[in-house]
Amino acid sequence: MAFEPRIVGFLCNWCSYTGADLAGTSRIKYQPNVRVIRVMCSARVDPSFVVKAFREGADGVLICGCHPGDCHYQEGNYKTMRRYPLLKRLLEGYGIEPERVRLEWVSASEGQRFADVVNDITEQVRRLGPCRVKTVLETDLVER
Amino acid sequence: MEGQRIGVYVCNCGTNIAKVVDCEEVVNSVRGMPGVVAARCYKYMCSNPGQEMITQDIRDLGLDRVVVAACSPRMHEPTFRKALAAGGINPYFLEMANIREQCSWVHEDGRAATDKAIALTRAAVRRVALHEPLEKRYVEMNKATLVLGGGIAGLTAALELAMADQLVFLVEREGRLGGNLARVDLTAPYLDSARDLLTDRVTRVLRHPGITVLLEAELTELLGYVGNFVARVRGADGAVRELPVGSVIVCTGYQPFDAGRVAAFGHGRLPNVISSFELERRLKEGKVLTDKGRPPQYAAIIHCVGSRSEAWHPYCSRVCCMTALKYGHEIRATHPDCFIYDLYIDMHAFGKGMEDFYRRSAEMKTIFILGGKNTVPEIRAAEPRHGCEMLIKAHDLLCGEEVEIPADLVVLMVGMEARKDAGVVAHLVNISQDRDGWFIESHPKLDPVATTTDGVFIAGTCQSPKDIPDTVAQARAAAARILARISRGQLEVDAVYAEVNEDFCSGCRMCNELCPYVAIEYDETKKRSHVISALCKACGTCVAACPSSAIKGRHFTDEQIYAQIEGVL
């Protein structure tokens, strides 16, 4: 069977989650691979959420927030933006390709953009193939 | 987690969900999950019988947690929370799985959509098991309101509040009240004077002791939160005043589309091509003449300038069709022999009295020419032998031919667009704009004047193009929403906020710096930080940043989100 990536999406409530809802009300079709978890702000996305997602078998993680300057909480997305490069380095340390994670800005009016972002990351992760973290960890534990 | 009793309800939403997602399969997928004691499918969970099903199960089966897999929580979370409360359990023991907007409406493959719906619903079950009961918070409410903009919307809202004995600060950027309507002569479809509508209101607003009018003034900052805002307003003298208010109504209106942007119309190049607002000015002065001072023998009115066009704005500006018919009447009133051509795409006569107005205009022998969408008539200067100022080349859809129309005066029906600085206003009061720049309401049908920021309301054409009756209705609705809150005295605010476990806090103060609302205080004696819950807006930035994991984001705890991650995978 063809590889279908499993991607966890963390969406901020005010812009990106609303944008994703708009894609729905506009009946825009996109790939079904991203499973969304709603957070109030992209700055709530603890790096441990991302690590946890890979640990549980995710092949990719998508983080979406309001565009810079448009954060519902004034500047939460700037904090996300600053944490993001560190997160990528952390993942590299774990042997996870940084390309498996994406940070994107999607506003409440960008239903089409949300659909495009989902299709894009799905294709990107599809090309990378399955993430082996979970399997490696499980075998590792068994060997110990 | 032991002894939990979870009920799971999967909504068909008529066929909206059920035609793509196999709802029975979703129900079966959660049966047997730890704690699940009831799992059902129903055609409309949000209907009364749907809600009663939940309430009844809470009573009969002793449910203590509920999952509803249905539409977006942005749509019906409040509805189902009420159903939980009606059943006698804490409303925060609810979790929704969004299997409509983010699943059945966006996927075509039933298998993949069903798998996704199962993952989302199972994740919701895992999450709800960790939910904690939260108590609503109440804050005092300042009864004063800040109204931004002194057009017909702002004037109406201010009067409505003041007549209920509440204080209003009306901030207007211009040196006069009345907004765009002050530039209009008569109004459609009853041809009554705009001045009459405005003068009375402006006078009452200026004389009312409860309304403080600040002209040539601008909002520079809005601090605080619902019920307790502080608005910084720069006045005509340059000084900044601090106004304590409980609510804000944004009535900043629209700007007319600049007709010069459509080159084919020759606005700015041909002296007798004018915009609708330029015609209004001439009508008010009582002089509708060509640039040579002659009465026009032929007048042409072109609809949808900047509206309903792929090149400019895709939307309909709603008021121009009837205004165009009004011009026919007004021009004919001053020049009874003038031939009037009305070049339109579709005649939108949607409101009370409008279809009748259209019929009367047709009887007046206005010549209507139906053009196609995205075909722009071309206007050029005529030669002396033509006996008119200009010639308009247009496509007449009904006869299927190119026609050439004589014109001495061309009126361009410019549409409404979001003000160019609407983004600045949106940022100041923390509300969102749609792709066309209009402010976004909380719900397009059920909550048309509230916004995503509690305590900030919108009314009039800053929300979308609309006519005077709709603008007035929205302004009064916004005022009524505020008055309802004032009459209750206290405001209920969301129970979701962050809290510091002082046993774990190392006093590093990292969170103090990160909080955009200065809601975290450091206690020098205890050497610990704590959250001032009334100021916290629950973004969770501090929760994610705390190196000791000492801060808990209520209703978005690490454990709840971990459970959800495990559930979706």
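1. Domain bounds, as used here, come from an automatic or database domain assignment, and on that basis chain B is divided into domain 1 (6-135), domain 2 (145-253 + 419-491), domain 3 (262-415) and domain 4 (498-553). The C-alpha centres of domain 2 of chain B and domain 4 of chain B lie 36 Å apart.

2. Some conventions apply throughout. This is a predicted model, in which local features need pLDDT of at least 70 and side-chain atom pairs count only at pLDDT 80 or more, whereas totals for chains, interfaces and linings use all residues. Residues are numbered from 1 along each chain as its sequence is written, while chains are lettered from A and ligands numbered from 1 in the order in which they are written.

3. Taken along the principal axes, the C-alpha atoms of chain B fill a box of roughly 95 × 60 × 40 Å. The secondary structure of chain B comprises 15 helices and 30 strands, where helices (H or I, at least four residues) and strands (E, at least two) are DSSP runs numbered from the N terminus. Of its 569 residues, 48% count as buried; a residue is buried if 20 or more other C-beta atoms lie within 10 Å of its own, exposed if 12 or fewer, and partly exposed in between, with C-beta atoms placed from the backbone.

4. Two residues are taken to be in contact if their C-beta atoms, placed from the backbone, lie within 7 Å, and with this criterion 38 residues of chain A are in contact with 41 residues of chain B. Helix H1 (16-25), strand S2 (34-39), helix H2 (47-55) and helix H3 (76-93) of chain A each supply at least two residues of the side of chain A that touches chain B, and the largest share, six residues, comes from H1(A).

5. Helix H7 (residues 194-207) of chain B has 14 residues and reaches 20 Å from its first C-alpha to its last, close to the 20 Å expected at 1.5 Å a residue, the expected span being 1.5 Å times one less than the number of residues. The buried residues of H7(B) are Ala194(B), Arg201(B) and Val205(B). Seen down the axis of H7(B), these fall within an arc of 70°, so they line one face of the helix; the arc is that of the directions from the helix axis to the C-beta atoms. The face turned away from the buried side carries the exposed residues Asp196(B), Asp200(B), Thr203(B) and Arg207(B). Among the elements against which the buried residues of H7(B) pack are helix H6 (152-163) and strand S10 (211-214) of chain B.

6. The peptide bond from Ala188(B) to Pro189(B) is cis, with omega near -5°, and Pro189(B) sits in the loop between S8 and S9 of chain B. Arg308(B), in the loop between strand S17 (298-305) and helix H9 (320-334) of chain B, has a positive phi of about 50° and, with 20 C-beta neighbours inside 10 Å, counts as buried.

7. Strand S28 (residues 520-523) and strand S29 (residues 528-531) of chain B pair in the antiparallel sense over four bridges, pairing being assigned if DSSP finds at least two bridges between two strands. Glu521(B) stands opposite His530(B) in S29(B). The two strands form a hairpin with four residues between them, and Lys527(B) in the turn has a positive phi of about 60°. With 12 C-beta neighbours inside 10 Å, Lys527(B) counts as exposed.
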